[in-house]
Amino acid sequence: MQERLIKLTHVLGEIIKEHRVATGKSMYKISAESSILKSTWRRIENGTYKDVNLSSVWKIAEGLEIPPEELIKELREKLGSDFSLIEE
């Protein structure tokens, strides 16, 4: 499970960074707008934040000016439909 969680957080970070860069906003500006510490935002983008909670995903999406479900949709597409955190 640990490896899968690491993969999930890494891919989510890549998606978030892609969107942030597309907005032209600095990490400082977008983290301030989203009420998320810059260090936390950096760790999320780098995939080193252990487990991003739903409220953080929501704030991030608002800062990126996209619906929260867009992040989840892109995450699912990049991870593949067979990805699961549940150990079988």
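Me: Where does Glu65 lie?

Reply: Helices and strands are read as DSSP runs, numbered from the N terminus, with at least four residues of H or I for a helix and at least two of E for a strand. Glu65 is placed in the loop between α4 (54–64) and α5. Please note that this is a predicted model, in which local features need pLDDT of at least 70 and side-chain atom pairs count only at pLDDT 80 or more, while totals for chains, interfaces and linings use all residues. Residues are numbered from 1 along each chain as its sequence is written, and side-chain values use heavy atoms, with hydrogens and water left out.

Me: How many helices and strands are there in the protein?

Reply: The protein has five helices and zero strands. Read from the N terminus, the order of elements is α-α-α-α-α.

Me: How is the overall form of the protein to be read from its radius of gyration?

Reply: The radius of gyration is taken over C-alpha atoms, and the globule rule is 2.2 Å times the number of residues to the power 0.38. For 88 residues, a compact globule would have a value near 12 Å; the protein has 13 Å, which agrees. Along the principal axes, its C-alpha atoms fill a box of roughly 40 × 20 × 20 Å.

Me: What share of the residues counts as buried?

Reply: A residue is buried under 20% relative accessible area, exposed over 50%, and partly exposed in between, using a 1.4 Å probe and protein chains only. In this protein, 41% of the 88 residues count as buried.

Me: What does the accessible surface of the protein come to?

Reply: Accessible areas come from the Shrake-Rupley method with a 1.4 Å probe; for residues, only the protein chains shown count as cover. The total here is about 5,700 Å², and 54% of that belongs to carbon and sulfur atoms.

Me: Is Ser34 buried or exposed, and why?

Reply: Ser34 counts as buried because its relative accessibility is 5%. Its place is in the loop between α2 (27–33) and α3 (38–46).

Me: Which residues does Ser34 touch?

Reply: A contact means heavy atoms within 4.5 Å. Leaving aside residues up to four places away in sequence, Ser34 touches Trp41, Lys59 and Gly63. For the protein, among contacts between residues at least 6 apart in sequence, 65% join residues at least 24 apart.

Me: What is the phi of Ser35?

Reply: Ser35 has a positive phi of about 60 degrees, although it is not a glycine. Ser35 lies in the loop between α2 and α3, and it counts as exposed because its relative accessibility is 57%. Glu65, a residue other than glycine, also has a positive phi, near 60 degrees. With a relative accessible area of 62%, Glu65 is exposed.

Me: How many salt bridges does the count come to?

Reply: A salt bridge is a side-chain nitrogen of Lys or Arg within 4 Å of a carboxyl oxygen of Asp or Glu. By this rule the count comes to six.

Me: Which side chain meets Lys78 in a salt bridge?

Reply: The partner of Lys78 is Glu18, at 3.1 Å from N to O. This pair links distant parts of the chain, since Lys78 belongs to helix α5 (residues 68–79) and Glu18 to helix α1 (residues 2–23), 60 residues apart. Lys78 is partly exposed, at 42% relative accessibility, and Glu18 is partly exposed at 43%.

Me: Which residue forms a salt bridge with Lys29?

Reply: Lys29 forms a salt bridge with Glu33, and their closest N and O atoms are 3.7 Å apart. Because they are four residues apart in helix α2, about one helical turn separates Lys29 and Glu33. Salt bridges that share partners join Lys25, Lys29, Glu33 and Glu65 into one network. Within it, the side chains of Glu33 and Lys25 meet at 2.8 Å, N to O. Lys25 is buried, with a relative accessible area of 14%, whereas Glu33 counts as partly exposed at 42%.

Me: How many positive and negative side chains does the protein have?

Reply: Lys and Arg count as positive and Asp and Glu as negative, with His and the chain ends not counted. The place of a charge is taken as NZ of Lys, CZ of Arg, CG of Asp or CD of Glu. The protein has 14 positive and 15 negative side chains, and the centres of the two sets lie 7 Å apart.
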